[in-house]
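Subject: Structure for you to look at

Hello,

Here is the structure I said I would pass on. Please open it beside this email; my notes follow below it.

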Amino acid sequence: MSAALKVHNLYRYFGHLQAVNGVSFEVPHGSVCGFVGANGAGKTTTMRILATLDYPTMGVAEVCGINVVNHPSEVRKLIGWMPDHFGNYEHMTVLEYLDFYARALGYKGKERRQRVQEVMEFTDLIPLAERFSNKLSKGMTQRLGLGRALLHDPQVLIMDEPAAGLDPKARVELKHLIRVLAKEGKTIFISSHILSELGEMCDSLLFINAGRVVHHGNAEDLKRGADALGGVLYDVQVAGEAQTVSDWCVLQPHVEFLEARKHGGRIRIETDDPAKAADVLSRMVKDGLRVVEFHREQRNLEDAFIDILGRIERGEKNVIAPPPMPETKSAPTATTASES
Ligand SMILES: Nc1ncnc2c1ncn2[C@@H]1O[C@H](COP(=O)(O)OP(=O)(O)OP(=O)(O)O)[C@@H](O)[C@H]1O
């Protein structure tokens, strides 16, 4: 069975700006994939191409085996697209808004009313049915956007930064809805900057940097550091000058100072052998550091992401180089994408 989403050697140039630079990945049916990257990494551009809103300069993007450039209408039936920002209409209530889109999708009469009702129940919009759609809070607006994206019961949901700007309660509600949709078997491709939240709900995480995929893997592996820098992180706190920790680390082989904290900092010891960590601690004490705290820390997703970027900068990570563009094109053309 083909993947729900398949992107192969995808490029999107805006003039000389290489927004997407040879990206390849697959998202299996029924899985939740988090799309992670710094601002400007190319997430929205990739998602817009998958959502048939933009053309690749070159390469292939498919939804459920259907090419997005060659068969956009068929792809639109399969996907629900939730952009990071979307416009609302003045003087249109939540109910009227969803009813309007249901009509546009071709739902008629009783079936339309029923579908709108189902979506409003799922997104908990019934109490807001008569509220003007442009007067909602950010969290309510996101639920309305999700409702709109779900009206035609799509197999695949593409969500660009749905949690941005939401308060903690609204984020929990959104996460719950995504979990329910995943349980129903929908494929969900979701971008976010909040890595800890993505880790909890995603089967895989796709890291993109400067238009290139730098990692595609499972959150637990990343956290364990299996594919990150290696070594183990320790929180070290001292009585007295916090800077003594970083000064000490500079002179030590196999110990790296990662981040300053109020009374010391976070360090990485390049081995997972506890005896070696004990040696480091005993050297610290021997060298006069007044250590009051020395404990192992779990690597979180942010650490893993920063580790990966650091490795790339130092040329240590094997980022599989995409094949070079045969010829640089300044303007995208739909005809350059071909079905595989
Ligand atoms: N229509 C456009 N014209 C010119 N440049 C563009 C266009 N759309 C995106 N870009 C540029 O392409 C690069 C990738 O942008 P994109 O929006 O895909 O990044 P992103 O990863 O979604 O970032 P963010 O997290 O900030 O939304 C950026 O440098 C952006 O300025």
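This is a predicted model: local features need pLDDT of at least 70, side-chain atom pairs count only at pLDDT 80 or more; totals for chains, interfaces and linings use all residues.

The next item is a pair of helices. Two packed helices are described by the angle between their axes and by the distance between the axes. Helix α5 covers residues 138–150 and helix α6 covers residues 168–183. They pack at an angle of about 15°, and their axes are 10 Å apart. An angle under 35 degrees counts as roughly parallel, and α5 and α6 are therefore roughly parallel to each other. The crossing of α5 past α6 is right-handed.

Which residues make the contact of α5 and α6? From α5 they are Lys-138, Gly-139, Gln-142 and Leu-146, and from α6 they are Ala-170, Glu-173, Leu-174 and Leu-177. By class, the residues of this contact divide into four nonpolar, two polar and two charged.

Gln-142 lies in helix α5. Is Gln-142 buried or exposed? A residue is buried if 20 or more other C-beta atoms lie within 10 Å of its own. Gln-142 has 27 other C-beta atoms within 10 Å, so Gln-142 is buried. Leaving aside its neighbours within four places in sequence, Gln-142 is in contact with Pro-162, Leu-166 and Leu-174. Leu-174 is also among the α6 residues in the helix contact described above. As a distance to check for yourself, take Gln-142 and Phe-122, which are 20 residues apart along the chain. Their C-alpha atoms are separated by 13 Å.

Last, some totals for the chain. It has 340 residues, and buried residues make up 38% of them. There are 11 helices and 14 strands in the chain. Of the contacts with a separation of 6 or more, 69% are between residues 24 or more positions apart.

Regards

Note on methods
Residues are numbered from 1 along each chain as its sequence is written. Axes are lines fitted to C-alpha atoms, for helices over the stretch in contact, and angles run from 0 to 180 degrees between N-to-C directions. Helices (H or I, at least four residues) and strands (E, at least two) are DSSP runs, numbered from the N terminus. Angles under 35 degrees count as roughly parallel, over 145 as roughly antiparallel, 65 to 115 as roughly perpendicular and the rest as oblique. A crossing is left-handed if the near helix is turned anticlockwise from the far one by less than a right angle, and right-handed if clockwise. Two residues are in contact if their C-beta atoms, placed from the backbone, lie within 7 Å. Ala, Val, Leu, Ile, Met, Phe, Trp, Tyr, Cys and Pro count as nonpolar, Asp, Glu, Lys and Arg as charged, and the others, Gly among them, as polar. A residue is buried if 20 or more other C-beta atoms lie within 10 Å of its own, exposed if 12 or fewer, and partly exposed in between; C-beta atoms are placed from the backbone.
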